[in-house]
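The sequence and the structure are shown first.

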Amino acid sequence: MSKRKRKAERRKKSTRHTVGAVPGTLSAPPDALPTRVRVIAYDAQELVEGEGVEAIAELHGRRVIWVDVVGLQSTDVIRAIGERFDLHPLALEDVVNPHQRPKIEEYPSAIYVVKRVARAEGGELDLEQVSMFLGDGFVLTFQEREGDAYEPVRARLREARGRIRRLDAAYLSYALLDAAVDAMFPLLDVYDRRLEALEEQVFEDAQPAIAEEVHAIDRDLRRVRRAVLPMREALGRLIRDDTERLDAEVRIYLRDCQDHLAQMVDLLDAQRELSSAISAGYQSALSQRTNDRMNLLTIMSTIFIPLGFLSGLYGMNFDPGASPYNMPELSTRYGYPALLTVMVVLALGMLAFFRRRGWL
Amino acid sequence: MSKRKRKAERRKKSTRHTVGAVPGTLSAPPDALPTRVRVIAYDAQELVEGEGVEAIAELHGRRVIWVDVVGLQSTDVIRAIGERFDLHPLALEDVVNPHQRPKIEEYPSAIYVVKRVARAEGGELDLEQVSMFLGDGFVLTFQEREGDAYEPVRARLREARGRIRRLDAAYLSYALLDAAVDAMFPLLDVYDRRLEALEEQVFEDAQPAIAEEVHAIDRDLRRVRRAVLPMREALGRLIRDDTERLDAEVRIYLRDCQDHLAQMVDLLDAQRELSSAISAGYQSALSQRTNDRMNLLTIMSTIFIPLGFLSGLYGMNFDPGASPYNMPELSTRYGYPALLTVMVVLALGMLAFFRRRGWL
Amino acid sequence: MSKRKRKAERRKKSTRHTVGAVPGTLSAPPDALPTRVRVIAYDAQELVEGEGVEAIAELHGRRVIWVDVVGLQSTDVIRAIGERFDLHPLALEDVVNPHQRPKIEEYPSAIYVVKRVARAEGGELDLEQVSMFLGDGFVLTFQEREGDAYEPVRARLREARGRIRRLDAAYLSYALLDAAVDAMFPLLDVYDRRLEALEEQVFEDAQPAIAEEVHAIDRDLRRVRRAVLPMREALGRLIRDDTERLDAEVRIYLRDCQDHLAQMVDLLDAQRELSSAISAGYQSALSQRTNDRMNLLTIMSTIFIPLGFLSGLYGMNFDPGASPYNMPELSTRYGYPALLTVMVVLALGMLAFFRRRGWL
Amino acid sequence: MSKRKRKAERRKKSTRHTVGAVPGTLSAPPDALPTRVRVIAYDAQELVEGEGVEAIAELHGRRVIWVDVVGLQSTDVIRAIGERFDLHPLALEDVVNPHQRPKIEEYPSAIYVVKRVARAEGGELDLEQVSMFLGDGFVLTFQEREGDAYEPVRARLREARGRIRRLDAAYLSYALLDAAVDAMFPLLDVYDRRLEALEEQVFEDAQPAIAEEVHAIDRDLRRVRRAVLPMREALGRLIRDDTERLDAEVRIYLRDCQDHLAQMVDLLDAQRELSSAISAGYQSALSQRTNDRMNLLTIMSTIFIPLGFLSGLYGMNFDPGASPYNMPELSTRYGYPALLTVMVVLALGMLAFFRRRGWL
Amino acid sequence: MSKRKRKAERRKKSTRHTVGAVPGTLSAPPDALPTRVRVIAYDAQELVEGEGVEAIAELHGRRVIWVDVVGLQSTDVIRAIGERFDLHPLALEDVVNPHQRPKIEEYPSAIYVVKRVARAEGGELDLEQVSMFLGDGFVLTFQEREGDAYEPVRARLREARGRIRRLDAAYLSYALLDAAVDAMFPLLDVYDRRLEALEEQVFEDAQPAIAEEVHAIDRDLRRVRRAVLPMREALGRLIRDDTERLDAEVRIYLRDCQDHLAQMVDLLDAQRELSSAISAGYQSALSQRTNDRMNLLTIMSTIFIPLGFLSGLYGMNFDPGASPYNMPELSTRYGYPALLTVMVVLALGMLAFFRRRGWL
């Protein structure tokens, strides 16, 4: 995506609040994709899959039902799901407003989770908003676009790998959360590699492009950090709070997930510190470079300016014939060799001076 | 508004405390506009509107009454309203003193909210102080100037859109608060766009005007942040506190409003980080630019200074006739071509030296 | 006051602890002024004033007595007052030691408040220490020098303006505290104006004097901040604590006073941010300025150095008569016009090069 | 190890999460060494040692058993140990995933500790992950590689030195933790010495290598700090928490260990402050150096440029024969001495000017 | 002390942990001085002094006994004292390990205090570790070297000045603590004066030595701060905690002592801010200085380079006899005056240009 396009994209997204709208109003974001609903209901023995709003009606009531909504265009579908599962209108409004701060909120009927999933698309960082509701026997997920973060969980469900089929909706919500978190690590590894390349480069050959590259990386890292940090805090609060939706075992798993978020924040902090150290190194290299040139220029000028003056002096055309005081040196026997000697001595003296002061 | 005017405006505003006044004294700010009082009283069935202090007396006692005071010139009107609704004199003093820090305070008869509403007027950021009282069945709002932040709420009331008419004064105060908060997002989007333009510019063509522009934006952002941050904290405290004026449902709505404030603070922080990154980028570009010139100057000087010296040397007028030691080179057969060759070799040697050190 | 004097003053003040003294020892500070005691006793009906220690003995026992001690020279008087009102020796020691950190401490017999009052005297910031005791029916204030911060309160007492005469000692102490706090705002407005002047100047004409002026302002602001910040915290703690000396109404007033302190801290922070932004702007202007000169120097040098070399080359005195290889150009028909053409082309080429790179 | 290798190493390690794996899956890290199991069981009277999983089965049940696992290649062995001691699968997964954040977690059957042990190998900082479980009568330790941090504890156990044999598993776990912490101090002393050498160097002879060296040290210090800081906090939480696995006496010992960690953080902070002070000093020295050269260049140029111009002027070839206005000075009697005098006066004037402005 | 010595000293001290030692082992620090034990026992009526371990045995049991141990060489003596007063082995180990972080720890038999006392010895800051135990009726102090901080307390005890003889061991421990804290203020005053001298200097004549001096002061201030800050926090915790060793009165005194520490931290922060402001001022002065030179160089070069080129041009030796196109100007009647006029006009034009841009 070109810079121009990117800027346009950002501008479009930045119409973030429909000023004056009634709180709880559902309006699809301007660039919303068509809505697709996938339903999975399961217990330890059986797993049934379906598509569309009708599938929800059919499968609701089984031990665990997971409704995965991709694309936020159809507010009717979203409203229907909201009504079926008794979701709070404010939470539902947040689902379709793609500018939420990551957070976890408890509503009477469900725990509502908004997180951001980082994705690098064509070199451009994209932080998609993903919502999740955890209620009695149901987990609802809402994504702006088709992602593959949830694919491994779906596979584990189908193949009944691990303990996921034997456990309840809370565990499923943990598994989805954890999958989304873990899916971000490869992205951070990319930044790691770019920063390490820049770090090596900065002390070898500090090019102006480094400043721009570090600026761009730093901007991305700040954005990811702003997406991860509130999530870590919200999850920590959820674990400490005594909500009855989560039993001790799920809390242990969520603690593990929070730990991954803490690791990610650590990693991001380390990367930001590295990026600012690279910036500092670049500035330092630049100063050093200016200093090197200055040094050479000063030495060359200081040596040759007096020599040049002397040669200029004896290039003057005062007429020796007009007066005996007019540049009599020009007609002496050893004038030229003497001047050359003076020049060499001057030059050597300067060099000695520079060497003694450590400039050479 | 010109710079000079702006400065004068600020100076006028800065007479912020009437030193030595009795606490609780009401004195209109020097630039106060005429006072206009608009009253709306409503319940689920009916909505009555009126104007002036008399309308308050008439409509007070209905389920919910909203008194909107615009312009703070008439302290008599304000004092009368204060007495009718039993407002604390200190709170009333704060209403007419336009230098309050955003805050939420509980008084026995009402919750008092002071917030600031950002407005860009003629390119100049204006942070108007807006006060609100929430008491039993009444909401009072005081604004310095006519703004349109409350217009949507008024419309919703009149058209009975959403749930606003069915709910109590606390919900109205939430709706007004939320409207004022949301009205600030478009302003921040303006800063977003200006910063992005500067960001692109700084790595392409770093002009001195960038430093001044970033300085101005940063100053505005700091002012908005100082207006938003205390509000977010005050609202958080209000939600956590166990005041009986707010039921669980309104708390959920206020939590949403606080969330918007948190989003705004996030956005402001992101913008300030970006603005300081642009500043750093500008400094870096400036250093790079100085370095570029230095590089060229050094290369040119280092190459030509010795060549110039040589040509100056052979421009001297030592008299070859006076002595065989006086510049005999000038009369040799290949003197000139030999010197030219020496010069070319010198210049090429320098170029090779610079290329090897990466200066070219 | 000259710089030299100022420095001497500071040095004198810096003998801050009599090392090894018995805790609770009273010794007057070296530059103490003669002690003057003014007493006001009042209730709603009556107000009596007196002077000197004897007046205390006479008036002690009335509803509220306010003893205002100015000048700390006479430790006997201070000790006598301490004994009469049963003040703790450590608190009394702090009264005469002018290096206290602002604080509020509860002793069994009284609440002890140490604050600092900023005053600008001859352009020099002076942070005088002011002590206050609030006990049962008495308020004691100790000042190093005669100030006029308390004058308005005295006037309100005499004229029985506001509610001050009807309320108890706690309200008086609030009034005095508030008067002292409000008296500092005009000083801060002075800094505001100076900073705004500097801000305009820095982007128009960055003079070295700006750096020194900003440094001086910043130093003063840091000092004021250190005086205000602990006071705000101490007052916050006092309001939250459940001391029985303060009833709910006085707490509301103290909360207002704390709010003013918070406003002041906000203002100071804004000013310090502005002052550091001005510093950064100055640095940036300086870099820009160096860059401008460098640019001109490089352009001039780069254009003229090769031209100068060429003219120097043809100023050499190789003898065309001695050899046909010695500068035959000098005798060609179009030698001079050709060289001039080469020079013009060179210069235009350089100019084109600089324009293309945006250096012109 | 070369830079290239180091980078490759880092890249390999950075495959940190098997995206989509079932939580609790055991998979050995890519560079795992063969697993070796050493068992020590003891009470006050007797100490028995063994090797391999069988030894665990044999010795489990004694008063205290310490299983030390070095090398994480054999997930079978690790799983077997996990089952025998009833370890939580998530904790066990963390053992073999070498990217954990230092932490202390309580599981029903054991306290799980992950820490990092710093080691300098070939000049390269290595932060190896070390896990420990403390349960009823057992301590399990897992290391990536053979280290000698635990050797002193083993020796104390064998020789029954100190109180270690008389006390329970909790004390053993403290002893191992403390040994690992103390083993890091010598490494920090190395940084101390390197920084002090750089500090002396920076004000004497600021070489560009200093910037790179400080950058490298700072990077290492940041990494160590990130390893130590969470450990200090986790240990503090453990001491405050009321887990029944730790009696008052062991808590005193753990407090001592936490104190060592706090000391280490203090030391690291001091070192980082020093390293940034050295960086600042280097920048300052660089600016000073550029300034020195600039000064010399300016003085030389300012003095000689006008002199050179004058000598160039009288080197012009205007034909005195063609017109009496053409450089008549050249034929005057005292033309040359007069010019020389003018030049000397000019030069002395410049020198006086520079001296007066303090540039010389 | 020379720099070299100082460095050696630091290195010796930095062998800070005997890696692998049994916790609670006593080993004297490498540079320990011979141990001297002074005992004072007293009550309101009587005071007895003695020397050596025997004196302890003799005087233990009186109302208050103070054992002052100077020099940590004899671990036997220290161990004997530890056994007599039932001190915890970990605390005793800390006494002889001179790298403790300032702290206050409660052990069953005593409160253990480690603080650092700053001393300037030969211009070199020395932060000696001082330990104190406060138990039932006893205070033990351990110092590395003879200091005179405790002398005033000893004198007050002997002369029964103040209330010290009438009060218990807790008050004695406060008196000793307070004496040690107050003894540090004169040292800080020295830094105050040095910083003020530098501050004046930096805006008048910014010498490179300033950077080094500020660096040295800043390093010392950081070290003192690290010694004072944990002490302030530990003391605050002690005052808040409900240990029964301290009655309400002693708590008031300790609060005063904590206040002094807070003052010291304020002072240190002010000094560090000032030192960094001086650094910034130095950098600014350096930039300004470079800019000044650059300005002069650019003006001189820009004016004289074209003039020099013109004079060089007419110094060329094109042969007017060979062609009418070869420098016919040289033979015109007004050639020379015309050129001089051109030069003067050029120079004046440049000067006008520079003046208009504000460079002159």
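This is a predicted model: local features need pLDDT of at least 70, side-chain atom pairs count only at pLDDT 80 or more; totals for chains, interfaces and linings use all residues.

## Contact between chains A and B

The contact between these chains draws 55 residues from chain B and 51 residues from chain A. On the side of chain B that touches chain A, the elements giving two or more residues are α5 (151-159), α6 (169-182), α7 (185-204) and α9 (248-313) of chain B. The largest share of that side comes from α9(B), which provides 29 residues. Sorted by class, the side of chain B that touches chain A holds 23 nonpolar, 19 polar and 13 charged residues.

Do the copies meet through different surfaces or through shared ones, and why? Only 15% of the interface residues of chain B are also interface residues in chain A, so the copies meet through different surfaces.

## Packing of α6 and α9 in chain D

Within chain D, helix α6 (residues 169-182) and helix α9 (residues 248-313) pack with their axes 10 Å apart and at an angle of about 10 degrees. Because angles under 35 degrees count as roughly parallel, α6(D) is described as roughly parallel to α9(D).

From α6(D), the residues D:Ala170, D:Tyr171, D:Tyr174, D:Leu177, D:Asp178, D:Val181 and D:Asp182 take part, and they meet D:Val250, D:Tyr253, D:Leu254, D:Cys257, D:His260 and D:Leu261 in α9(D). By class, this contact of α6(D) with α9(D) is made of ten nonpolar, one polar and two charged residues.

## Packing of α6 and α9 in chain C

In chain C, the axes of helix α6 (residues 169-182) and helix α9 (residues 248-313) cross at roughly 10 degrees and come within 10 Å. That angle makes α6(C) roughly parallel to α9(C).

The residues of α6(C) that meet α9(C) include C:Tyr171, C:Tyr174, C:Leu177 and C:Asp178, and among their counterparts in α9(C) are C:Tyr253, C:Leu254, C:Cys257 and C:His260. Taken by class, the contact of α6(C) with α9(C) has ten nonpolar residues, together with one polar and two charged residues.

Definitions and conventions:
Residues are numbered from 1 along each chain as its sequence is written. Chains are lettered from A and ligands numbered from 1 in the order in which they are written. Two residues are in contact if their C-beta atoms, placed from the backbone, lie within 7 Å. Helices (H or I, at least four residues) and strands (E, at least two) are DSSP runs, numbered from the N terminus. Ala, Val, Leu, Ile, Met, Phe, Trp, Tyr, Cys and Pro count as nonpolar, Asp, Glu, Lys and Arg as charged, and the others, Gly among them, as polar. Axes are lines fitted to C-alpha atoms, for helices over the stretch in contact, and angles run from 0 to 180 degrees between N-to-C directions. Angles under 35 degrees count as roughly parallel, over 145 as roughly antiparallel, 65 to 115 as roughly perpendicular and the rest as oblique.
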